[in-house]
Amino acid sequence: MSFWKTITRKEDPRVYENKDGHLVRSLKVRDFLALGVGTIVSTSIFTLPGEVAAAHTGPAVVISFILAAVVAGLVAFAYAEMAAAMPFAGSAYSWINVVFGEFFGWVAGWALLAEYFIALAFVGAGLSANLRALLEQVGLKLPASLSNAFGTNGGVIDIVSVVVIAVVALLIANGTTGAARVENILVTLKVFAILLFVVVGLTAIKASNFVPFIPQYKATANGPFGGWQGIYAGVSMIFLSYIGFDSIAANSAEAVNPQKTMPRGILGSLAIALVLFIAVAMVLMGVLPYTKYAGSAEPIGLALRAAGHGGVAAVVQIIAVVGMFTALIGMSLAGSRLIYSFGRDGMLPKWLGQLDKHNRPNRALWTLAFIGILIAALFPFAFLAQLISAGTLIAFMFVSLGIYALRPREGKDIDKPAFQMPFYPVMPALGFLASLTVFWGLDADAKTYAGLWFVLGLIIYFGYGMRHSYLSKKNKDA
């Protein structure tokens, strides 16, 4: 077999249906809405609006959120069709394996794996920082050695992030139904906290804080500020807020009636998140001048205290910390299903793709948790933010283009889904170009780290995956 035929050999979708048929289908629309909102509306909504406004956009941060949502929305329509047509574990990895071939599926999946590893550590570190800040207000302070990543500000290990990642893994290991129930409760609490901030904050808005809405452009040490250049820089920073809908698709093999459940979960959670992001950003910009948020890790608390609502600020911040568990649950579920898919297909050691006696992919789950804990222990919070968007955008580009390969096969070897991406063939191209545009706007470090991760993925694929995959063994046996 030629090299090109080897890397483009495609998996039969019926094989994935059989392999994933042992997973328990227990997740409904409400579970996916909670999973999506819980993952998308996470650390970012409590930190990014103020940070981006002060660094790049001013009050026009609202425009950056809307534009980032448009990009995510274009790709979300592609995800919805893919997930409805091929409700397999592993989302983009499995889909691209079917429509483009093994190598391209590996690249898309490997890019997503970076998101899950880093995002798990990122949210764990963020939860740790916010929880420790709350504890310090009541006189409880951990020593530096147990508060920071190894080698950072006297740190040896961030013990809180280690514990919370392990606790979430233990929760999921006991079954997705229980994890989904906890997720639903925590998401309800988090949405309540956000709405409480919006309602209280509306009473303190000053129209003068919105003028000028788009500040005049100028170059700064942090990059462009003001004008459309600043808005574009804001989109690239904000985009990581919206990438959580992939966590829904990764669990489509455990969805009840995925034909309807997946599109409603993916598109519905993104729509809810957009409304919440815009509401929070508008209120933040109205309560205080955007310059006040420079260097603040908790702009919502800052705004509420400035408006004379210190008690509300404390309530919102406590719920926000607890609510960060929702993102950990979402990322752990999705990341473990992706690793399970790699093992299922022989791209990584096959024991990762084995289920326990309750048909749960817990070997993959604990592998994800262990590596997430290791990353959180070794790398500081600021460093972890660099890779999240880059890896996901690469997968988004693959999925957008994948619609062109999927559509001719629908109703043939792939069941025709109840949902299809509208405005075909224009919208898939727009999704690809929009993702590429946002990727191009990422900073140089993010692109460098993405390149290094890609090289590592190539080494693993050509050194192990290409020779050990089940497609390789099938061809040898044929």
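Buried means under 20% relative accessible area, exposed means over 50%, and partly exposed is in between, with a 1.4 Å probe and protein chains only. With that in hand, here are some notes on the structure.

1. This is a predicted model, in which local features need pLDDT of at least 70 and side-chain atom pairs count only at pLDDT 80 or more, while totals for chains, interfaces and linings use all residues. Residues are numbered from 1 along each chain as its sequence is written, and side-chain values use heavy atoms, with hydrogens and water left out.

2. Have a look at Asn257, which is partly exposed at 42% relative accessibility. Asn257 is not a glycine, yet its phi is positive, about 50°. Asn257 sits in the loop between helix H11 (246-249) and helix H12 (258-287); helices (H or I, at least four residues) and strands (E, at least two) are DSSP runs, numbered from the N terminus. For context, most residues other than glycine have a negative phi, and most peptide bonds are trans.

3. The loop between H16 and H17 deserves a visit too. Phe423, in this loop, has a positive phi near 55° without being a glycine, and Phe423 counts as exposed at 65% relative accessibility. Tyr424 and Pro425 are joined by a cis peptide bond with omega about 10°. Pro425 belongs to the loop between helix H16 (381-406) and H17.

4. Another cis peptide bond runs from Val211 to Pro212, with omega near -5°. Pro212 is in the loop between helix H9 (176-202) and strand E1 (218-220).

5. Helix H17 (residues 426-440) passes a simple length check: its 15 residues, at 1.5 Å a residue, should span 21 Å, and its end C-alpha atoms are 21 Å apart, which agrees. The expected span is 1.5 Å times one less than the number of residues. Buried in H17 are Met427, Pro428, Gly431, Ala434, Ser435, Val438 and Phe439. Down the axis of H17, the buried residues fall within an arc of 135°, so they line one face of the helix; the arc is that of the directions from the helix axis to the C-beta atoms.

6. Now the charged pairs: eight salt bridges are counted, each being a side-chain nitrogen of Lys or Arg within 4 Å of a carboxyl oxygen of Asp or Glu. One of them pairs Glu102 with Arg9 at 3.0 Å, N to O. This pair links distant parts of the chain, 93 residues apart, with Glu102 in helix H7 and Arg9 in the loop between helix H1 (3-7) and helix H2 (13-20). Glu102 is buried at 1% relative accessible area, and Arg9 is buried at 10%.

7. Glu17 is partly exposed at 35%, and Arg14 is partly exposed at 30%. Through shared partners, salt bridges join Arg14, Glu17 and Asp415 into one network.

8. Finally, the surface: Phe150, Val156, Phe370, Leu374, Leu378 and Phe379 make up a nonpolar patch with about 590 Å² of accessible area together. Patches take residues with over 30% relative accessible area and no salt bridge, joining like charges within 9 Å and nonpolar side chains (Val, Leu, Ile, Met, Phe, Trp, Tyr) within 5 Å. Phe150 lies in the loop between helix H7 (102-136) and helix H8 (159-173), and Phe150 is exposed at 53%. Accessible areas come from the Shrake-Rupley method with a 1.4 Å probe; for residues, only the protein chains shown count as cover.
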